[in-house]
Amino acid sequence: MIPGIIDMHTHMRTVLGHKHAQRMIALAGVCTTLDMAGPLEDILTSIPESGAGVNIAILEAARDGMTISSPRPSEQEQSDFIDKTLEQGGIGIKLLGGHFPMDLDISKSFIDLANDKKAWVAWHVGSTAHGSNIEGLREAVGSAAEKFLHIAHVNSYCRAQISNETAEAIEAIELLKANPNLFSESYLSPLNGTRIIIKDNVPLSKVTSTCLKKLGYSDDYAGMKKAIADGAAGVLVDNGTVGELLKGQEGVNYWESRDTKCTGSFAVNPAASRFLLATAKRDDGSFVVDSFSTDGGCYPRNVIVENGLLLVKFGSLTLSEFAVKASLNGARALGLKNKGHLSVGADADITILDLQNERAYATLVEGNVIMLDGVLLGSGTTIICDERGSSALTKRKIKHIVKAPLSLKEIENRFIP
């Protein structure tokens, strides 16, 4: 039994994925998660149908044509976007540089404004100058300029795009060590997640283009089709209960039937960099990469327990250290004083582990069993919000928790296992 797992990077949305993400994280032993793109309104309105009893904090993505008017919004528009997100129940914003890059000065402006407003700001690194790789990570670290920034899925920038994956992981570790203002997470699955839409014979997402090229396919319709047919890429499908990946001709047929408007996964995360980032420590013994994540939810790669416990069995982490990365560090960063620990006054969020089989046996939120031995029992959703969003959620009769304000000092004062 450990404090309830907090997955610091998932996707709970239904517009770009499917409605079963909450069920999938509950099955995986996750009690609380940080959604890293929204849409905020989509998640809030889907609670009656999709709720599985978990807690969700939400970041709204800054995306041209959806939440902002152009790839170069004015400072006033950026400010209004952040304010609106906070007032409607989100805790901050996400920059989608890997998929939909913006000019560096715009991303930096978003970081500065979010810090001024004490809002959470995360970046899937990448800009119009540098891609979603170790060069983009260097750029993002410099842009933060000692202000708070959540670096999303660090392992994604260590895929041997610039040098080899080990060298990239070591550089990422050194960058994070030198910049304690950064919060970071990494995931343990070989699978990524991306939109596999083809428009005008070009992938809509830059990440998809990069994956196709890395695996030896052309970054066009024919290349994407062949990657799915060969099993190098999977197409995300709602099977009525959870999400699964279709490959081969079955995957191709589904992808084409949807006019390519699908999300999917490539197995592009090297084992060496995942291992190094999961286990690296600072000189004081605290973790370099603060938390585990999955970038999952609706994607079938919610393997914090499965792969994390393998690290424990291997001897790379103790079970206590696993609990710190899987729960406590996320709770501290999010300002959730009653989560991440099992002591007097805690919320009784608990994950019960089957150590022998490396799986979650039960998930409890506020003492209520929401999953037991693979059976889902929970309903509803509790939203974790900034104090500025409490009024709007109250009016909508949405259950919520008001987190403590973002504190850079709390981020930098890392817990030593």
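Select alanine 145 to begin: this residue, just after helix α6, takes a positive phi of about 50°, where helices (H or I, at least four residues) and strands (E, at least two) are DSSP runs numbered from the N terminus. The model is a predicted one, in which local features need pLDDT of at least 70 and side-chain atom pairs count only at pLDDT 80 or more, while totals for chains, interfaces and linings use all residues. Residues are numbered from 1 along each chain as its sequence is written, and side-chain values use heavy atoms, with hydrogens and water left out.

Next, select α6 itself, residues 134–144; 8 of its 11 residues are buried, so this helix is largely enclosed by the rest of the structure. Buried here means under 20% relative accessible area, with exposed over 50% and partly exposed in between (1.4 Å probe, protein chains only). Among the buried residues of α6 are Ile134, Leu137, Glu139 and Val141, and the buried residues pack against α5 (104–116), β6 (120–124), β7 (149–151), α7 (165–178) and β8 (182–187).

Now colour Phe110, Trp120, Leu149 and Ile151, which touch the most other members of the largest nonpolar core, a group of 56 residues. Such a core is a set of buried Ala, Val, Leu, Ile, Met, Phe, Trp, Tyr and Cys residues joined through side-chain atoms within 4.5 Å. Leaving aside neighbours within four places in sequence, phenylalanine 110 is in contact with residues including Ala62, Pro73, Phe81, Ile93 and Met102, contact meaning heavy atoms within 4.5 Å. Apart from that core lies another, of 42 residues, among them Ala21, Val54, Phe292 and Ile304.

Move on to the open sheet of 4 strands, whose order is β9-β14-β12-β13 with antiparallel pairing; two strands pair if DSSP finds at least two bridges between them. Its edge strands, each pairing on one side only, are β9 (194–195) and β13 (243–246). Strands β12 (residues 233–238) and β14 (residues 263–266) are joined by 3 bridges in the antiparallel sense, and valine 235 has glycine 264 of β14 as its bridge partner.

Finish at the open sheet of 5 strands, where the order is β1-β17-β18-β19-β20 and the pairing is antiparallel. The edge strands there are β1 (2–3) and β20 (375–376). Between β18 (residues 359–365) and β19 (residues 368–372) there are 4 bridges in the antiparallel sense, and threonine 363 has methionine 371 of β19 as its bridge partner.
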